[in-house]
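Please consult the sequence and the coordinates alongside the text.

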Number of protein chains: 2
Amino acid sequence: MTVTGVGRPRLSTRRRPGATAREEILDAAAELFTTRGFTGTSTRMIADAVGIRQASMYHHFATKDDILATLLLGTVAGPVERAEQIRLNCEDPIVRMYALALFDTSQLAAARWNLGALYLLPEVSTERFADFRRLRNELMVRYSSFALDALRANGGSDCGPGTPELPFRLVEAMIGARSDANSRARTFVLTPHTIAAASLRTLGWSGPTESIAHSAVALLDRLAESHPQPSP
Amino acid sequence: MTVTGVGRPRLSTRRRPGATAREEILDAAAELFTTRGFTGTSTRMIADAVGIRQASMYHHFATKDDILATLLLGTVAGPVERAEQIRLNCEDPIVRMYALALFDTSQLAAARWNLGALYLLPEVSTERFADFRRLRNELMVRYSSFALDALRANGGSDCGPGTPELPFRLVEAMIGARSDANSRARTFVLTPHTIAAASLRTLGWSGPTESIAHSAVALLDRLAESHPQPSP
């Protein structure tokens, strides 16, 4: 058994994915928050799920709110960074929009836990989560800016008030689709490519999307190589 | 003061909108659940907010779960009914799709409390809420059926796996938009017409939407007159 980070030795062998105790705590909390609810989860339950003492957990996170804040920030930090890299490395507004929607939807679909389901918690509107709301807002602004450029490129601007907000909303629809699949309300068929293509169509794009998809995937592959994602 | 329904006389005069004590309880619970969270709300708090004794509340609802189940059912019962009336009273698949999205988005935008924010609660995936999940699934099936007809009418079917699910997801995006507006993350600019028009575009519609919007509004007005909505 390897002991990583600060705190006392672990009570048992590693139970969770994650290279460090901190990552294991985040993984356990993400599971409990999304399956039992945030209010319904105690720090004790998180420590038990990791197999560490509560006191050890406090070396990493002072409160349950801190854990939630870290998890929520982790869901938007990657896309904000990728959006900036996409902007710097691609000049086609249609490919840009597709690439951002594809990247973001893919990570929402592939993440171990459906953390976006926590965005609507009343707690998240409190001061403690202002950092998260600021970063998510930055992501929304980047989406809107890409969307406006794509709208202009499509020669359409009369799609109704709020149209530049639609791609961001469609991408976050992945959260509801996953949640319905978890509760067996619905088979999970919506793919990141379907959502990325639909984002373009909400902005007036009516042509085929195969070659755009191809360029976007190539761009994301290049970016993934030159700028690997940091861990939460 | 009029005392309606069963239970003891009210402690005070009416504080809440609603013709009956039952409706006042539902309104108070909707406010508390959406602003303090479901787990963070006790039946005592709901009774206090209405100005009745807890014992009186139990004449109307045996548990907090029963209140939530009634509220959630209320968010989908109207649209399911309207979808059936739209199907029986309109044969144009494009107008049908627009009308359902417009009706449903309008009620999500106009409801006093943003109850859709509670759909992702882990509690809602338990057996107690099977009725709600069944009815919401029926609504999804109706959306998909309208969407498939609209896709066929648009001559397009290669929009990617899950495409018929997109209008339903776009409509539910109104929930996130309202929640962001409440927490001041974003001004609330997205309109029901923008979402209804975007729903059509995700299904391959690339023409103008003015005359469709006009027909859909006329249809909904006729239906509202012939089939007024029941209260929850």
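## Helix H7 of chain A

Of the 17 residues of H7(A), 15 are buried, so this helix is largely enclosed by the rest of the structure. Buried here means under 20% relative accessible area, exposed means over 50%, and partly exposed lies in between (1.4 Å probe, protein chains only). Helices (H or I, at least four residues) and strands (E, at least two) are DSSP runs, numbered from the N terminus. H7 covers residues 166–182 of chain A; at 1.5 Å a residue it should span 24 Å, and its end C-alpha atoms are 25 Å apart, which agrees. The expected span of a helix is 1.5 Å times one less than its number of residues.

A:Ala177 is placed in helix H7 of chain A and, at 3% relative accessibility, counts as buried. Its contacts (heavy atoms within 4.5 Å), leaving aside neighbours within four places in sequence, are A:Phe188, A:Leu190, B:Glu165 and B:Arg169.

## Basis of the values

The model is predicted: local features need pLDDT of at least 70 and side-chain atom pairs count only at pLDDT 80 or more, whereas totals for chains, interfaces and linings use all residues. Residues are numbered from 1 along each chain as its sequence is written, chains are lettered from A and ligands numbered from 1 in the order in which they are written, and side-chain values use heavy atoms, with hydrogens and water left out.

## Chain A as a whole

Chain A contains nine helices and zero strands. Of its 232 residues, 54% count as buried. Among contacts in chain A with a separation of 6 or more, 72% come from residues 24 or more positions apart.

The chain exposes about 10,000 Å², of which carbon and sulfur atoms supply 53%; accessible areas come from the Shrake-Rupley method with a 1.4 Å probe, and for residues only the protein chains shown count as cover. In helix H1 (residues 21–36) of chain A lies A:Arg22, which counts as partly exposed at 33% relative accessibility. A:Arg22 and A:His59 are 37 residues apart in sequence and 9.3 Å apart in space, C-alpha to C-alpha.

## Relation of the two chains

Chain B is superposed on chain A by a rotation of 180 degrees with 0.0 Å of shift along its axis (RMSD 0.0 Å). That is the relation of a two-fold axis. Copies are superposed by least squares on the C-alpha atoms of residues with pLDDT of at least 70 in both. Of the interface residues of chain B, 100% are also interface residues in chain A, so the copies meet through the same surface.

The largest nonpolar core has 144 residues, and A:Ile67 and B:Ile67 touch the most other members. Such a core is a set of buried Ala, Val, Leu, Ile, Met, Phe, Trp, Tyr and Cys residues joined through side-chain atoms within 4.5 Å. Beyond its neighbours within four places in sequence, B:Ile67 is in contact with residues including B:Ile25, B:Phe33 and B:Phe61.

In H5(B), 13 of the 18 residues are buried, so this helix is largely enclosed by the rest of the structure. B:Asp92 caps the N-terminal end of H5(B), with a side-chain oxygen 2.8 Å from the backbone nitrogen of B:Ile94.

Methods: Polar contact = N/O pair within 3.5 Å; in protein donor to acceptor, adjacent residues only side chain to side chain.
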